[in-house]
Amino acid sequence: MSWQAHLREGIQALAPLALYDYRSGGPGLARLDCNELALPLEAPELAELAGELAKVSLHRYPEVSGLSLRQALAQRWQVEPDEILLGNGSVETIAVLMTAFGGGRPGAPAKVLYPEPSFPYYEVIARAHGVVPVAVPLEASFALDPSAFEEAIDRERPAVALFASPNNPTGNRFDPAVLERLARRMDAVFVVDEAYADFAGATMLSRVRVTPGLFVMRSLSKIGLAGLRLGALVGPRDAIAELDKVRLPWNVNAVSLALGVAALAHPERLAARVRLLIALRRELEAALRRIPGLVVYPSEANFILVRVPGDAGEVFRRLLEKGVLVKNVSRPGLLERCLRITVGTGAENERCARALEEAVTTSSAASRHCLPPEGP
Ligand SMILES: *Cc1c(COP(=O)(O)O)cnc(C)c1O
C-alpha cells in the first residue's frame, strides 16, 4: 500500500503552498501582495528589542503557558489572560479549533461555515483536518445576506463559523449586529477574525462575554510584527481551557514571546504606525479613484481591492514589470478581474498608481472589450 492511499481525502487536491519568490523581483520590488504593514520598526525600537533578545534563554523551552504575553494582550484588548489562546500566528488557532471541534459524529462529519470570497486558508485548514467546508457567497456589494447564512446554519449545522471582519480580500467590515445574531443562531463556535480590526477602529471583543459561542481572533501580523508569528483567539474561558489542551506545547517560541511582550509595552508606537498607514490608505485610494475604468472598493483594512477593465493577469504582469507586486485574486464569480493591493509607503503607492494607470489604459485586453464600470 502506498502512502498516497493513506492521505486524508482532499489533501492531494489542494494547491501547493506557493507564495511569490521575492528574490526574483529584484531589490527594489514593492511588495504589496501580503498585507504586511509597509512601515518597518524604527532603529531605536529595534535596538531595544535586540536588548530583550539578548536576555532570552535559548537553551530552555519557552514558558509553556505564554503567560507574560497573554497578560500583555489581555491589557491591550481589555479581557483576562485565561480568555486568550495563543497561536503561532492566528492561523494556528484555526487549526487548534479544527482539532478540537472538527471531529464530527459517526456518519456526520463536522462542517465549517465561512463567506465566499474570504481568507483562502479557512478552506485549506478545514480540509487538512477532514472538516467539510461550507462556503456561502456574499452579495455583489460584498455585504452579508443574513438570510443566506441563517439558512446555511439551519441546514448544515456547522461546528465552527469563520467571518473575517474587515474581510480579506474585499476590505469591508460586516455589520456587527448581524454577526452577533448569526452567532446566537448558530450556538456553536462563531469566530470573528479581526486580523485587520486595528485599521477599522472597531472590534467585537467586548461582545465575547455577552454572546454565547462568540470568539474573536486577533493577530499582530498586520500591525507591523508579521515576522514574529503572533496571533490569538479570545473566547469563553472554559472553551479556551479545552482548546489549550490540544495546542502543541511551546507553539509560540521564546524569541517571539519576549519580543511580543516588549513591542506591546509601547502601544503608542504601534498606534502611530497604524494611524500613518490609514492616512496612506486614503492617499492610495484617492490616487486609484483617478484611474479611468478602475473600480475601487472602499476599505477598512490595510489593502484595497480593485476591479480592472480587461484581463487581470495581464495587468498583474505589467505591474510586476514595473517592480510592483500585488495579489491577483481574479477568478470567476464575485472577484472576476480583481486585484488586491496592500497599502505601501508613499513612494510605493505612487509607483503602484502610476503603473496601474499605464497598465489599465494601454492593456490590449482593456481596449478589446471596454467594460462598463461596476459600482461597489
Ligand atoms: C493575514 C490574515 C490573518 C493573519 O494570520 P496570522 O497567522 O496571524 O499571520 C488572519 N486572517 C485573515 C483574514 C488574514 O487576512
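How many nonpolar, polar and charged residues are in the lining of the second largest pocket? By class, that lining has seven nonpolar, two polar and two charged residues. The model is predicted.

**The second largest pocket**

This pocket holds about 200 Å³ of space. Its lining includes Val 56, Ser 57, Arg 60, Tyr 61, Pro 62 and Glu 63. Ser 68 also lines the pocket. Ala 254, Leu 257, Ala 258 and Val 261 are lining residues too. Helix H9 (residues 254–264) gives the largest share of the lining, four residues.

**H2 against H9**

Helix H9 also packs on helix H2 (residues 67–77). Two values describe a pair of packed helices: the angle between their axes and the distance between the axes. For H2 and H9 the angle is about 30 degrees, and the axes lie 9 Å apart. That makes H2 roughly parallel to H9, because angles under 35 degrees count as roughly parallel. H2 passes H9 in a left-handed crossing.

Which residues of H2 and H9 meet? From H2 come Ser 68, Leu 69, Ala 72, Leu 73 and Arg 76. From H9 come Leu 257, Gly 260, Val 261 and Leu 264. By class, this contact has six nonpolar, two polar and one charged residues.

Ser 68 of H2 meets H9, and Ser 68 lines the second largest pocket. Leu 257 and Val 261 of H9 are in the contact with H2, and both line that pocket.

**The second largest cavity**

The count comes to three cavities of 30 Å³ or more. The second largest cavity contains about 40 Å³ of space. Which residues line the second largest cavity? They are Glu 45, Glu 48, Leu 49, Ala 262, Ala 263, His 266 and Arg 269. Helix H1 (43–54) and H9 each supply at least two residues of this lining. H1 gives the most, with three residues. By class, the cavity lining has three nonpolar, one polar and three charged residues.

**H5 against H6**

The axes of H5 and H6 come within 10 Å and cross at roughly 15 degrees. The two helices are therefore roughly parallel to each other. Their crossing is right-handed. On the H5 side, the contact is made by Pro 146, Phe 149, Glu 150, Ile 153 and Asp 154. On the H6 side, Val 178, Arg 181, Leu 182, Arg 185 and Met 186 take part. The residues of this contact divide into six nonpolar, no polar and four charged.

**Backbone features in loops**

Where does Phe 142 lie? Phe 142 is in the loop between strand S4 (132–137) and helix H5 (146–156). Its phi is near 75 degrees, a positive value in a residue other than glycine.

| Peptide bond | Form | Omega |
|---|---|---|
| Glu 116 to Pro 117 | cis | near 5 degrees |
| Asn 168 to Pro 169 | cis | near 10 degrees |

Pro 117 sits in the loop between strand S3 (111–116) and helix H4 (121–128). Pro 169 is placed in the loop between strand S5 (160–164) and helix H6 (176–186).

Terms used. Residues numbered from 1 in each chain as written. Predicted model: local features only at pLDDT ≥ 70, side-chain atom pairs only at ≥ 80, totals over all residues. Heavy atoms only, no water. 1 Å grid on protein atoms, 1.4 Å probe; cavity = no way out; pocket = protein on both sides within 12 Å on 5 of 7 lines; lining within 4 Å. Points joined across faces, edges and corners; volume = space filled by probe spheres on them. Nonpolar A, V, L, I, M, F, W, Y, C, P; charged D, E, K, R; others polar. Axes fitted to C-alpha atoms, helices over the stretch in contact; angles between N-to-C directions. Parallel < 35°, antiparallel > 145°, perpendicular 65-115°, else oblique. Left-handed = near helix turned anticlockwise from the far one by under 90°. Contact = heavy atoms within 4.5 Å.
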